[in-house]
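Please open the model in a viewer and keep the sequence at hand.

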Amino acid sequence: MAAHVTEGVGLGTGRETWPCSKVFFQYLRRTIVDFKNHAFVELGAGTGYLSLNLAAEGASMVVATDYCRRILKNLRCSVHKNKVQKRMRVVRWDWNDSIPNEIKKLKLGEKVTLHLLASDTIYGASCCDLLPQCIRDFTDIYPKTRVTFMFKIRDDGQQKKSFYENLEKEGFIIREHGAPDECKNYERTATGMVLIDIVKKSLQSYNDKEQKV
């Protein structure tokens, strides 16, 4: 059963749950065997659909982040409604600012794999500029993080191009996988979705090994 989310709060990001979040969650549920060995930090959580469902699946830890205080208040209410407060927390993260202290001090189990996720956050020039910097700063603290984004291509792919160029400037390799099989469940609304892994060039060999485990 899907987690309960409250929509209509934000002006854009928190107004509704976009299909990308639903597809992304279904993809993760298919590809991750045991959620208790995985922790997740979500950038731009919006309604919290992805984070709430990951917590409900039994993830070791889930941190949902956003910058809008109304959205954050709604997220915290949703955490309690879904009774996942032992596994999930909500943190304000404005991409213009440095990483919040709560994120810098995550307590992870020895065998827990940390994921940095974002669903449909590639829109507007500021996102394309700021997100690569956030990923850089996060992976500087947690170098073994698996970074996976899923988004819908808009603006004839110009935003995607800008995002990729900025990632490369920050020292990342982009591995584009196209649309996962779960997109078939959403027909037209899933058109143009793409899934990517973002890997530090300096850790490419390590990540290749980890992906095979």
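Begin by selecting Gln 26, which counts as buried at 17% relative accessibility; buried means under 20% relative accessible area, exposed over 50%, and partly exposed in between, with a 1.4 Å probe and protein chains only. Gln 26 is found in helix H1. Helices (H or I, at least four residues) and strands (E, at least two) are DSSP runs, numbered from the N terminus. Leaving aside neighbours within four places in sequence, Gln 26 is in contact with Glu 182, Asn 185 and Tyr 186, where contact means heavy atoms within 4.5 Å.

Two points apply throughout the tour. The model is predicted, so local features need pLDDT of at least 70 and side-chain atom pairs count only at pLDDT 80 or more, while totals for chains, interfaces and linings use all residues. Residues are numbered from 1 along each chain as its sequence is written, and side-chain values use heavy atoms, with hydrogens and water left out.

**Helices H1 and H2**

Next, select residues 19-31, helix H1, together with residues 49-56, helix H2. Two packed helices are described by the angle between their axes and the distance between the axes. Here the axes come within 9 Å and cross at roughly 25°; they are lines fitted to C-alpha atoms, for helices over the stretch in contact, with angles running from 0 to 180 degrees between N-to-C directions. H1 and H2 are therefore roughly parallel to each other, since angles under 35 degrees count as roughly parallel, over 145 as roughly antiparallel, 65 to 115 as roughly perpendicular and the rest as oblique.

Which residues make the contact? H1 contributes Ser 21, Lys 22, Phe 24, Phe 25 and Leu 28, and H2 contributes Tyr 49, Leu 50, Asn 53 and Leu 54.

Now keep H2 alone. Of its 8 residues, 7 are buried, so H2 is largely enclosed by the rest of the structure. The buried residues are Tyr 49, Leu 50, Ser 51, Leu 52, Asn 53, Leu 54 and Ala 55. To see what covers them, display H1, strand E1 (38-43), strand E2 (61-66), H3, E3 and E4, which are included in the cover. Just after H2, select Gly 58, which takes a positive phi of about 100°.

**Two loop residues**

Proceed to Lys 83, in the loop between helix H3 (69-81) and strand E3 (88-92). Lys 83 has a positive phi of about 55° although it is not a glycine. With a relative accessible area of 73%, Lys 83 is exposed.

Then select Asp 120, in the loop between strand E4 (113-119) and helix H5 (125-141). Its phi is near 55°, a positive value in a residue other than glycine. Is Asp 120 buried or exposed? Asp 120 is buried, with a relative accessible area of 8%.

**Cysteines and strand E7**

Select Cys 127, which counts as buried at 8% relative accessibility. The closest cysteine sulfur to that of Cys 127 is in Cys 128, 6.6 Å away and too far for a bond. The structure holds 0 disulfides, a disulfide being a pair of cysteine sulfur atoms within 2.5 Å.

Finish at Val 199, which lies in strand E7 (residues 193-200) and counts as buried at 5% relative accessibility.
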